[in-house]
Amino acid sequence: MANKIDVKELLEAGVHFGHMTRKWNPNMAPYIYMERNGIHIINLYKTAAKIEEASIAMQKIAASGRKILFVATKKQAKDIVAEKAASCNMPYITERWPGGMLTNFVTIRKAVKKMATIDKMKKDGTFMTLSKKERLQVDRLRAKLEKNLGSISDMSRLPAALFVVDIMAEHIAIKEAQKLNIPVFAMVDTNSDPRDVDYVIPANDDASKSIDKILTLVTDAVKDGLANRTSDKEGDDAQEVVASKEETVTAVENHATEEFAEAPVAEAVETSEVEASSEETKTEE
């Protein structure tokens with residue numbers, strides 16, 4: 001990983017603040033450091049280790065060319081997630097989770113294609129042939145689809161993983177991912193059950209500073225993965241060019257060798273023909 005995780009920075013971002021002790025989930029006990037003033041404090045050393053583990057896995061997914069879907073519909077996380085996911089060219093859901101987004105992906109893709117159809121109508125002039133009322137209805141439908149599904153318009157197949165902020169708020173998304181065996185990365189607070197998540201990042205999922213810090217770290221890892229993929233691709237292209245050049249040189253050399261090999265044979269044939277003709281002349285004499 002390019003960025004070493006600094007526990008002090010996590011502390012300054014307020015990542016360590018959990019929920020009130022009476023709201024805790026006992027399964028989060030391994031990640032809790034202590035209790036202070038009726039609030040659980042998260043062990044930031046464990047958080048740092050978990051961020052590193054999640055980042056390495058996400059980097060590999062990005063390097064393989066697959067997508068990670070970021071999900072956060074709560075007010076304080078929406079804008080941050082939208083910005084960070086867009087910065088690394090990954091799909092995200094920040095409005096209401098569309099039921100069946102994963103389990104009924106075909107229907108969702110149809111809705112996305114409908115947006116493309118409306119855009120095509122506007123380009124080729126078909127849109128202007130509609131009545132004023134119909135144009136208004138189509139525009140409203142386009143705006144609604146854009147709001148809910150615009151951020152996943154480039155997602156042509158199911159994502160390789162989900163990254164979730166607040167697993168209690170996004171429990172439907174997690175259930176759908178579990179049905180399809182899609183791994184889930186998530187920020188998990190002390191009031192949540194970490195057993196529902198494959199890659200747990202114990203952290204404060206309510207404060208915008210905390211969300212911003214964690215998202216910055218994981219999306220940087222995704223960017224590293226994408227950069228590795230680009231450099232690998234460029235390396236492969238260069239190797240292909242070198243290989244094709246070598247093949248061309250070899251072919252030219254082989255052709256030249258064949259020509260040189262054929263030259264003495266041609267000379268021998270010509271010589272034998274000359275000798276045969278001279279013998280014939282002698283015989284006639």
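Pocket terms first: on a 1 Å grid over the protein atoms alone, I call a pocket an open set of points with protein on both sides within 12 Å along at least five of seven lines, and its lining residues have an atom within 4 Å of a point. Grid points are joined across faces, edges and corners, and a volume is the space filled by probe spheres set on the points.

The model is predicted, so local features need pLDDT of at least 70 and side-chain atom pairs pLDDT 80 or more, while totals for chains, interfaces and linings use all residues. Residues are numbered from 1 along each chain as its sequence is written, and side-chain values use heavy atoms, without hydrogens or water.

Entry 1, the pocket. I found about 160 Å³ of space in the largest pocket. H5 (132-149) gives the largest share of its lining, five residues. Helices here are DSSP runs of H or I, at least four residues, and strands are E runs of at least two.

I checked burial (under 20% relative accessible area, 1.4 Å probe, protein chains only): five of the five residues of E7 are buried. Val-184, Ala-186 and Val-188 point one way, Phe-185 and Met-187 the other.

I located Asp-193 in the loop between E7 (184-188) and E8 (199-202). Is Asp-193 buried or exposed? Asp-193 is buried, because its relative accessible area is 16%. Leaving aside neighbours within four places in sequence, I list Asn-25, Asn-27 and Ile-167 in contact with Asp-193, contact being heavy atoms within 4.5 Å.

Conventions:
Buried < 20%, exposed > 50% of the residue type's maximum accessible area, 1.4 Å probe, protein only. 1 Å grid on protein atoms, 1.4 Å probe; cavity = no way out; pocket = protein on both sides within 12 Å on 5 of 7 lines; lining within 4 Å.
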